[in-house]
Amino acid sequence: MTDFTPDDYLFMTQALRLAARGLYTSMPNPRVGCVIVKEGVVVGEGAHIKAGKPHAEVYALQQAGTKAKDATVYVTLEPCSHHGRTPPCAEALVQAQVAKVVIAMQDPNPLVSGQGIAHIQSAAISVSAGLMHQQAQVLNAGFVSRMVKRTPLVRSKIAATLDGKTALSNGESQWITGAGARSDVQHWRARSCAIMTGIGTVLTDNPSLTVRELDIERQPISIIVDSQLRIPLDAKVLKNPQVLIAFVSDPENKAGKLATMGISLLCIPNDQGKVCLNSLLSHLANNEVNEVMVEGGDGLNGALMAHNLIDELVIYYAPKLMGSDAKGMFALPTLHAMQDVISLDVEEVRQFGNDIRVLAKCVW
């Protein structure tokens, strides 16, 4: 195992901070940061901000100029070795005659995986990998999921009372949480490639599913799971730049009108006559969607959870009680043994005003 120095950790931490600059904008590409160091001094740095724009290594090399020769490069993801939207970064590092490259994590993209490292090493440049690997992987969890599992990372956001209820029995739910929690949600939306909800939520709440408060150039794709195309043609969500409706049947003959409005339609039934969620997620991955945020009711959340399709939960608990007749978080089949319960790993607990946010991963 490579022994990394305190300085190595310092400069890689800086590279990870740079990578985070692309949190809301780099998709479908990964978030990558690069720092070039010579004789203990940073001579160049860069971040990949947007697909089609130069990669982090290119910006850092441009800033370093001739000082890049014999320098050490810290990069959060293995430099690419193939021609994509931009030229390969591995070759750019070779041409700059750097002395050493320190990489946080290997690229899970099969077009790159290991080849970038091999190309750099073939030029007699030292390569060390694995420094702060976990932090780099968290930053690009959606990209890794799409490359490895061929499905986006699915993150469900839920606002609930302390007794685990998400809406009154009549469907009313606005607002369970306070302004601080609702503002925090905008950051999760902004980092997502798509926001998914079910037709029940559309009919009850008429949400926009857009990023507000933050100044970003793009809006996430809006995805509606609507088996029978019950969505009203004047629903707020249909005004968004990109909308995809997954359905099974069209009893009211709305498909033509929706298509005329520029809405994308995807007919993907499962054996039970409902939308096949596995096929929907595969479709999204094939269309370069890295992260999906689910903002639905207990029906959609329950269906996703029952099929092991939720990776992470972002739950905001408000200090309120709704009682046993209110709606829960997940409509799941009845469990009869503790060995069948779904386990979670709690990763963070944080307070926003009077509300508590819990970040948890599903253990599948």
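I began with a polar contact of 2.5 Å that joins the side chains of asparagine 290 and arginine 146. Polar contact here means a pair of N or O atoms within 3.5 Å; within protein, one must be able to donate a hydrogen and the other to accept it, and residues adjacent in sequence count only if both atoms are side-chain atoms.

I noted the ground rules next. The model is predicted, so to speak of local features pLDDT of at least 70 is needed, side-chain atom pairs count only at pLDDT 80 or more, and totals for chains, interfaces and linings use all residues. Residues are numbered from 1 along each chain as its sequence is written, and side-chain values use heavy atoms, with hydrogens and water left out.

**Asparagine 290**

I found asparagine 290 in the loop between α10 and β11. Helices (H or I, at least four residues) and strands (E, at least two) are DSSP runs, numbered from the N terminus. Is asparagine 290 buried or exposed? Asparagine 290 counts as buried, at 5% relative accessibility. Buried means under 20% relative accessible area, exposed over 50%, and partly exposed in between (1.4 Å probe, protein chains only). I also saw its side chain reach the backbone oxygen of proline 28 at 3.0 Å. Leaving out residues up to four places away in sequence, asparagine 290 touches several residues, including Met27, Gly142, Phe143 and Cys193. Contact means heavy atoms within 4.5 Å.

**Helix α6**

I then looked up helix α6, residues 141-148. Seven of its eight residues are buried, so the helix is largely enclosed by the rest of the structure. Arg146 is one of the buried residues, as are Gly142 and Phe143. Which elements do the buried residues of α6 pack against? They pack against β4 (100-105), α5 (133-139), β6 (153-161), α10 (277-286) and β11 (291-294). Just after α6, I noted that arginine 150 has a positive phi of about 60 degrees.

**Glutamate 312**

I placed glutamate 312 in strand β12, residues 312-318. Glutamate 312 is buried, with a relative accessible area of 13%. Its side chain makes a polar contact of 3.0 Å with the side chain of arginine 155. Beyond neighbours within four places in sequence, glutamate 312 is in contact with Leu153, Val154, Arg155, Ser156, Ala360 and Lys361.

**The whole chain**

I finished with the chain, which has eleven helices and 14 strands. Buried residues make up 49% of its 364 residues. The C-alpha atoms fill a box of roughly 65 × 45 × 40 Å along the principal axes.
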